[in-house]
Amino acid sequence: EVQLVESGGGLVQPAGSLRLSCGASGFTFHDHAMSWVRQAPGKGLEWVSSISWNGGKTYYAEFIEGRFTISRDNAKNTMYLQMNSLKSEDTAVYYCAKTPHQFGVKPWDYWGQGTQVTVST
């Protein structure tokens, strides 16, 4: 079955960095665009970034402001989100999500369990 497992979250100070990973299995990873979606405390789901099947196209939400970089390594069935210059507003559970298409942001048909990112002093 399709499985997505996020890792790399944790507690970090403002202006710090984290690298999130999403390990994928149960489907042909390199045929699918992938996304990162987050949920802050008390808030709804918020799309962060997406990447096409081979990494040739990337998409970012406006609030990223150049601070994050999405990437993927298809040989390892893994997607990454490098997060720099973190702000308290970035505190959220970050989810890895699969799309049935090769390009684009949506729809999301499978989700990981999420990894907690907390930005605080």
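Student: Is the disulfide of Cys-22 and Cys-96 left-handed or right-handed, and what is the torsion about its S-S bond?

Tutor: Please keep in mind that this is a predicted model. The handedness of a disulfide is read from the torsion about its S-S bond, and for Cys-22 and Cys-96 that torsion is about -65°, so the disulfide is left-handed.

Student: Is Cys-22 buried or exposed, and is Cys-96 buried or exposed?

Tutor: A residue is called buried when its relative accessible area is under 20%, and exposed when that area is over 50%. Cys-22 has a relative accessible area of 0% and is buried. Cys-96 is buried as well, with a value of 0%.

Student: How many helices and strands does the protein chain have?

Tutor: The protein chain has zero helices and 11 strands. Its pattern, read along the sequence, is therefore a run of β elements: β-β-β-β-β-β-β-β-β-β-β.

Student: What does the radius of gyration say about the protein chain?

Tutor: The value is set against the one for a compact globule. For 121 residues that reference would be near 14 Å, and the protein chain has 13 Å, which agrees. The C-alpha trace spans about 40 × 25 × 25 Å along its principal axes.

Student: How should I read contacts between residues that are apart in sequence?

Tutor: Among contacts between residues at least 6 apart in sequence, 54% join residues at least 24 apart. Met-83 is buried, with a relative accessible area of 0%. Its contacts beyond four places in sequence include Leu-18, Leu-20, Phe-68, Tyr-94 and Val-117. The C-alpha atoms of Met-83 and Leu-20 are separated by 7.8 Å, while the two residues are 63 residues apart along the chain.

Student: Where is Leu-18 placed, and which residues is it in contact with?

Tutor: Leu-18 is placed in strand 3 and counts as buried at 15% relative accessibility. Beyond its neighbours within four places in sequence, Leu-18 is in contact with several residues, among them Gly-8, Val-12, Leu-81, Met-83, Leu-86 and Val-117. The C-alpha atoms of Leu-18 and Gly-8 are separated by 7.0 Å, and these residues are 10 residues apart along the chain.

Student: Is Gly-26 buried or exposed, and what does it touch?

Tutor: Gly-26 lies in the loop between strand 3 and strand 4 and, at 55% relative accessibility, counts as exposed. Not counting residues up to four places away in sequence, Gly-26 touches Glu-1 and Val-2. The C-alpha atoms of Gly-26 and Gln-3 are separated by 6.1 Å.

Student: What is phi of Asn-77, and what is phi of Ser-85?

Tutor: Asn-77 is not a glycine, although its phi is positive, at about 50°. Asn-77 is found in the loop between strand 7 and strand 8 and is partly exposed at 29% relative accessibility. Ser-85 is also a residue other than glycine, with a positive phi near 50°. Ser-85 lies in the loop between strand 8 and strand 9, and counts as partly exposed at 40% relative accessibility.

Student: Is the peptide bond from Lys-106 to Pro-107 cis or trans?

Tutor: The angle to read is omega. From Lys-106 to Pro-107 omega is near 0°, and the peptide bond is cis. Pro-107 lies in the loop between strand 9 and strand 10.

How values were computed: Residues numbered from 1 in each chain as written. Predicted model: local features only at pLDDT ≥ 70, side-chain atom pairs only at ≥ 80, totals over all residues. Heavy atoms only, no water. Helix = DSSP H or I, 4+ residues; strand = E, 2+ residues; numbered from the N terminus. Rg over C-alpha atoms; globule rule 2.2 N^0.38 Å. Contact = heavy atoms within 4.5 Å. Disulfide = S-S within 2.5 Å. Buried < 20%, exposed > 50% of the residue type's maximum accessible area, 1.4 Å probe, protein only.
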